[in-house]
Amino acid sequence: LLSKEYLYNNFSEYNLSKSDLESIRTVDNYYDAYSGVHHVYLQQEFNSVRVEQAYSSFHFDGNGQIMHNNVQFVPDLDSKIIDSDPFDPDRALDYAGAHLNLTFPDVDPVLGTGNQTGKWIFNTVPVSLEPVTVELVFYPVSDTSVKLAYSTEVYMPDATAYYDRMVDAVSGEILNERNLVISCNHDLGEAHVGCDHDGYSHMVEKYNMSPLVTMAANDYNVF
């Protein structure tokens with residue numbers, strides 16, 4: 001409530017309109033007893049669909065005074081939405097597979113629960129190391145346009161890459177791609193000076209398992 005009240009009182013400072021605040025969802029809200037700081041994280045949505053990377057964080061002291069904030073909402077969102085009818089999520093899986101030279105099995109997805117709520121989960125193992133997740137989102141492609149897209153996460157079978165691909169939900173075009181694996185090029189036989197990990201691959205965090213992916217460290221593997 002503190003964060004939303006703060007936004008409603010100061011929305012013009014962030015070039016936001018009141019309509020931009022109508023579909024804000026609280027994704028985490030907790031008090032840190034050690035620091036005495038109250039942390040609140042919000043997600044911007046449109047018609048109950050998440051806007052990619054449109055997160056904001058607010059941090060209040062024990063008296064409810066704002067200490068720090070990071071507002072990453074899309075201003076005038078409703079005027080930037082490109083109205084369209086998305087194709088089915090299984091086609092997004094096919095488009096992502098084609099770009100990765102992977103042929104996924106023909107499987108029926110299941111709807112995710114818990115921290116996978118809002119995603120379709122395809123059991124594509126062993127073509128991928130883990131089941132592929134597909135989520136319909138709004139993706140800002142420019143300062144003036146926001147498109148429907150599928151966030152398609154594919155963990156490659158050799159564990160060298162964990163791709164998050166934004167597939168245009170109308171054309172199938174790949175709008176953006178992120179490889180969430182960090183690779184270390186140090187000789188594994190050396191002392192790995194300057195690295196905070198050993199020479200073996202290990203899972204640091206699982207990308208997008210938390211709604212706070214833009215405020216905390218992204219999830220990735222280290223090699």
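These legends describe close-up views of a predicted model. Local features need pLDDT of at least 70 and side-chain atom pairs count only at pLDDT 80 or more, while totals for chains, interfaces and linings use all residues. Residues are numbered from 1 along each chain as its sequence is written, and side-chain values use heavy atoms, leaving out hydrogens and water.

**View 1. The largest nonpolar core.** A nonpolar core is a set of buried Ala, Val, Leu, Ile, Met, Phe, Trp, Tyr and Cys residues joined through side-chain atoms within 4.5 Å. Buried means under 20% relative accessible area, exposed over 50%, and partly exposed in between (1.4 Å probe, protein chains only). This core has 37 residues, and Phe73 and Tyr150 touch the most other members. Elements that each supply at least two residues include helix H1 (2–10), strand E3 (49–60) and helix H3 (89–99). Helices (H or I, at least four residues) and strands (E, at least two) are DSSP runs, numbered from the N terminus. E3 gives the largest share, five residues.

**View 2. Around Phe73.** Contact means heavy atoms within 4.5 Å. Leaving aside neighbours within four places in sequence, Phe73 is in contact with residues including Leu7, Leu16, Ile24 and Tyr55.

**View 3. A cis peptide bond.** The bond from Val125 to Pro126 is cis, with omega near 10°. Pro126 lies in the loop between strand E6 (119–122) and E7. Most peptide bonds are trans.

**View 4. Asn15 in a loop.** Asn15 is not a glycine, yet has a positive phi of about 60°. Asn15 sits in the loop between H1 and strand E1 (24–32). Asn15 counts as exposed, at 58% relative accessibility.
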